[in-house]
Amino acid sequence: MKASELQKELYDILDISSFPGDASLNGVQIASSDKDVGKVAFAVDACLETIVKAAEAGADMLVVHHGLFWGRALAISGSHYERVKACLDADMSLFACHLPLDAHPLYGNNAQMALALGMDGYDPFGEYKGKSIGFKGKLPVGMTLPDIAFRLGFTFEGGLKLLPFGKTVVETVGIISGAAGDDVAQVVEEGLDLFITGDVPHEVYHYVEENHINLIGGGHYRSEVFGVKALERLVRGRYGLETVFIDSETGL
């Protein structure tokens with residue numbers, strides 16, 4: 001399979017064109033030669049560590065959630081130069097998918113967390129610029145916050161924060177990965193028991209306490225490994241390509 005063919009498949013599967021308001025440059029960010037792809041690496045961040053490890057693993061393409069470009073021109077110098085150079089030296093293309101990978105109803109970070117919790121049915125939740133990013137629904141059985149965090153692989157070393165100000169046994173959940181702590185008001189409006197996100201801003205604490213709900217902040221990184229891992233399984237299973245997940249934990 002040619003690199004351009006796989007890139008087009010991912011672009012279409014993730015419905016990238018439906019997110020024009022995303023400030024990141026979704027899709028191909030660095031195009032290598034259009035060679036046959038034998039191995040694809042997946043990671044959360046296009047940091048130098050991830051790029052170097054992907055190249056050392058022999059990857060022809062690196063697929064990430066957080067790419068290199070965020071809505072403004074960036075000079076190819078300093079650490080940005082080192083990242084780009086590492087991709088070019090390895091003849092390795094870079095494909096990034098930000099909000100479309102958060103929001104995808106099957107392969108997205110939020111849908112995958114819902115599935116990990118056994119939620120067979122979930123509805124769109126968490127609006128951003130007219131698009132729903134997250135999902136909400138009912139758990140198959142009532143769960144405690146530690147049980148939910150454990151099922152999602154969240155750890156205190158990975159940045160886990162628990163704000164247990166609501167029901168001890170949770171039944172309804174709203175999920176928005178990443179830096180969505182400020183969206184907690186939507187959980188209150190919906191009357192949900194729990195909000196699951198990545199980052200937890202300081203000012204959210206008292207709002208959660210005063211509104212008697214629960215919040216799990218799994219850490220920005222840990223809440224966004226789900227989508228790229230789902231894409232890895234898709235590429236390996238559907239296209240028969242060798243894959244590798246590069247885990248560059250930040251603890252944040």
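1. A word on terms before we start: buried means a relative accessible area under 20%, exposed means over 50%, and partly exposed is in between, computed with a 1.4 Å probe and protein chains only. Lysine 129 sits in the loop between β5 (123-128) and β6 (131-143), where helices (H or I, at least four residues) and strands (E, at least two) are DSSP runs numbered from the N terminus. The phi of lysine 129 is near 50°, a positive value in a residue other than glycine.

2. Please keep in mind that this is a predicted model, in which local features need pLDDT of at least 70, side-chain atom pairs count only at pLDDT 80 or more, and totals for chains, interfaces and linings use all residues. Residues are numbered from 1 along each chain as its sequence is written, and side-chain values use heavy atoms, with hydrogens and water left out.

3. On the overall fold, the chain has nine helices and eleven strands. The radius of gyration is 18 Å, close to the 18 Å given by the globule rule for 252 residues, so the chain is as compact as a globular protein of that length. That radius is taken over C-alpha atoms, and the rule is 2.2 Å times the number of residues to the power 0.38. Along the principal axes, the C-alpha atoms fill a box of roughly 55 × 40 × 35 Å.

4. Turning to burial and surface, 52% of the 252 residues count as buried. The accessible surface is about 11100 Å², and carbon and sulfur atoms supply 53% of that area; areas come from the Shrake-Rupley method with a 1.4 Å probe, and for residues only the protein chains shown count as cover. Taking contact as heavy atoms within 4.5 Å, 66% of the contacts between residues at least 6 apart in sequence join residues at least 24 apart.

5. Which residues touch the most other members of the largest nonpolar core? They are Leu6, Val40, Ile148, Phe154 and Ile196, out of 47 residues in that core. Helix α9 (residues 226-239) gives the largest share, seven residues. Another core, of 18 residues, lies apart from this one and includes Ala41, Val84, Met92 and Leu94. A nonpolar core here is a set of buried Ala, Val, Leu, Ile, Met, Phe, Trp, Tyr and Cys residues joined through side-chain atoms within 4.5 Å.

6. Isoleucine 148 deserves a look of its own. Setting aside neighbours within four places in sequence, isoleucine 148 is in contact with Leu117, Leu139, Met143, Val170, Leu194, Ile196 and Ile216.

7. Helix α5 (residues 109-116) is mostly covered, with six of its eight residues buried. Those six are Asn109, Asn110, Ala111, Gln112, Met113 and Ala114. They pack against β3 (61-66), α4 (99-103), β6, β8 (170-175), β9 (194-197) and α9. After α5 comes glycine 118, with a positive phi near 80°.

8. Is leucine 160 buried or exposed? Leucine 160 is buried, with a relative accessible area of 6%, and lies in the loop between α6 (145-151) and β7 (161-164). Beyond four places in sequence, its contacts are Ala149, Phe154, Thr155, Ile216, Gly217 and Gly218. Glycine 218 is 58 residues from leucine 160 in sequence, yet their C-alpha atoms are 4.4 Å apart.

9. Histidine 80, in helix α3 (residues 78-89), is buried at 6% relative accessibility and touches Leu68, Phe69, Leu74 and Ala75, not counting residues up to four places away. Histidine 212, in the loop between α8 (204-210) and β10 (214-217), is exposed at 59% and has a positive phi near 55°.

10. Finally, lysine 229 in helix α9 is partly exposed at 30% relative accessibility. The C-alpha atoms of lysine 229 and phenylalanine 42 are separated by 7.1 Å, although the two residues are 187 apart along the chain.
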